[in-house]
Amino acid sequence: MITVQVEKKLDAFMIQAGFQAPAKGVTALFGPSGAGKTSIINMVAGLLRPDGGLIQVNGRPLFDSQNGIDLPPEQRRVGYVFQDGRLFPHLSVRANLAYGMRLVPKERRYVELERVVALLGIAHLLERRPATLSGGEKQRVAIGRALLTSPSLLLMDEPLASLDALRKAEVLPFIRRLADAFSLPILYVSHDWEEIEALAANWVVVEAGRVVTPMGSV
Amino acid sequence: MGWLRMTPAELAALKLSLWVSAWAVAASLPVGIFTAWVLARTRFPGKPLLDGLVHLPLVLPPVVIGYLLLVLMGRHGLIGALLDRYLGVVVAFNWKGAVLAAAVMAFPLMVRAVRLSLEAVDPGLEAAARTLGAGPVRVFITITLPLMTPGIITGAILAFARSLGEFGATITFVSNIPGQTQTLPLALYALTQVPEGEAGAARLCLLSIVIAMAALLVSEGLSRRFTRRLRGQR
């Protein structure tokens, strides 16, 4: 079970969001642009510090203002696929994929490079540089890179938003396969209802920093 | 072309110049990178003051810097006396002092170049590296620093060229001692002060131009190559 209960004052508005998500499958954070969805998952990842609240993944607190817990991002075991990919331009695809994996102790790894490469269909890209990849290829590598840290939760922030319809159709099946292949909870941010219908089992609606519908099922 | 042959004294000045400049760059690069990082990535109340201080050598007359170094770092200076007593290091009137003068004078150029390249590094990449399990130091070494390479190269080479040309602060701080502190510009200056020095002065003048031009070309070429590599064009 994922528990998110956060408060954060931003310039434009106040985020006061609380929801729970099951420990398996895709849970979507749905809402219009600028509703605070990205801020919420940035707080889950540890990239944005909440003013107060509680963030727990399967009973392990990542942030708990009452008990003074605030793990840095590198200790949260939370994978993050960014909207813009954020592949390291000076490293090959292979080195990008291995960047986080090498930092995880062997006994905690449950994802292997070969399996991810096969699942995402990126074997032919391994020696290339990110600059030479198409948008869809970049996002597949970014997904693989996050997955290879063997995370206990995967965050995806509109991973398809920068892609055209054709590329979307290229990446979407990979994300769906991912949720099945590794029984791993995914928080999936999107403002596109079609994507959510195609991917998510559960959803949370966010508007102006608040959760307006705690939980629904597609 | 016989007049192009350098005298031993001129050769010594050239060697000393290269030696002093190399040391000035090597010694100030880590400090320069750290300063650039502080200026680009941190916020604190006295920051404009630090920014100004870093840039002072660019706008002050070099002789002022030389005099300040003499007062602070000379054998009886505030810091110089401590260095002498506790570390046994004397920088007054020897090549180490010339290194210090060159490093201080070249520092703003280096920091500017490094800072520009640091500001061009997307903080989003650093954040991504954190979520992949890398702590701040590892992120800096494996992500930030490699992406800054073009700026670091440019900064180092600009500082090297600036150090080769350093005159005012050096002559004020460590004087003009042949073989000790007489770098290329100082030797050139000495030659202009004697009646039969014209040929020597012309040689050193030409040499200075060649070295400076080469440094600029190498800097430009290297930083282009690295930028291309980052864009994946190899």
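Let me open with a question: is B:E126 buried or exposed? At 13% relative accessibility, B:E126 counts as buried, where buried means under 20% relative accessible area, exposed over 50%, and partly exposed in between, with a 1.4 Å probe and protein chains only.

Some housekeeping, everyone. This is a predicted model, so local features need pLDDT of at least 70 and side-chain atom pairs count only at pLDDT 80 or more, while totals for chains, interfaces and linings use all residues. Residues are numbered from 1 along each chain as its sequence is written, chains are lettered from A and ligands numbered from 1 in the order in which they are written, and side-chain values use heavy atoms, leaving out hydrogens and water.

Back to B:E126, then. Its side chain meets that of B:R41 in a salt bridge, 2.7 Å from N to O; by salt bridge I mean a side-chain nitrogen of Lys or Arg within 4 Å of a carboxyl oxygen of Asp or Glu. This pair links distant parts of the chain, with B:R41 in helix α1 (residues 8–41) of chain B and B:E126 in helix α6 of chain B, 85 residues apart. Helices here are DSSP runs of H or I with at least four residues, strands are E runs of at least two, and both are numbered from the N terminus. B:R41 counts as partly exposed, at 29% relative accessibility.

Now compare a local pair. B:R115 and B:E119 form a salt bridge at 3.2 Å, N to O, and they are separated by about one helical turn because they sit 4 residues apart in helix α5 of chain B. B:R115 is buried at 19%, whereas B:E119 is partly exposed at 44%. Over all chains, the whole structure has 17 salt bridges.

On to the interface. Here 23 residues of chain B are in contact with 22 residues of chain A, contact being heavy atoms within 4.5 Å. The two chains bury about 1,900 Å² between them, 65% of it on carbon and sulfur atoms; that is accessible area (1.4 Å probe) lost on putting the two parts together, summed over both. Which three residues supply 34% of the area that chain B buries against chain A? They are B:R130, B:T131 and B:L132, and they give more than any other three residues.

B:R130 comes up again, as it forms a salt bridge with A:E74, the closest N and O atoms being 2.7 Å apart. The count between the two chains is 1 salt bridge. On chain B, the elements giving two or more residues to this side are α6 (123–131), α7 (136–164) and α10 (198–230).

Next, a lysine in chain A. A:K37 lies in helix α1 (residues 37–45) of chain A. A:K37 is buried yet has no salt bridge, and the nearest side chain of opposite charge, A:E158, is 4.1 Å away; for charge, Lys and Arg count as positive, Asp and Glu as negative, and His and the chain ends are not counted. What lies 2.9 Å from a polar atom of the A:K37 side chain? The backbone oxygen of A:P32 does.

Most residues other than glycine have a negative phi. A:N58 has a positive phi near 50°, and is found in the loop between β4 (52–57) and β5 (60–64) of chain A. B:F93 has a positive phi near 55°, in the loop between α4 (78–87) and α5 (95–119) of chain B.

Note on methods
A polar contact is a pair of N or O atoms within 3.5 Å; within protein, one must be able to donate a hydrogen and the other to accept it, and residues adjacent in sequence count only if both atoms are side-chain atoms.
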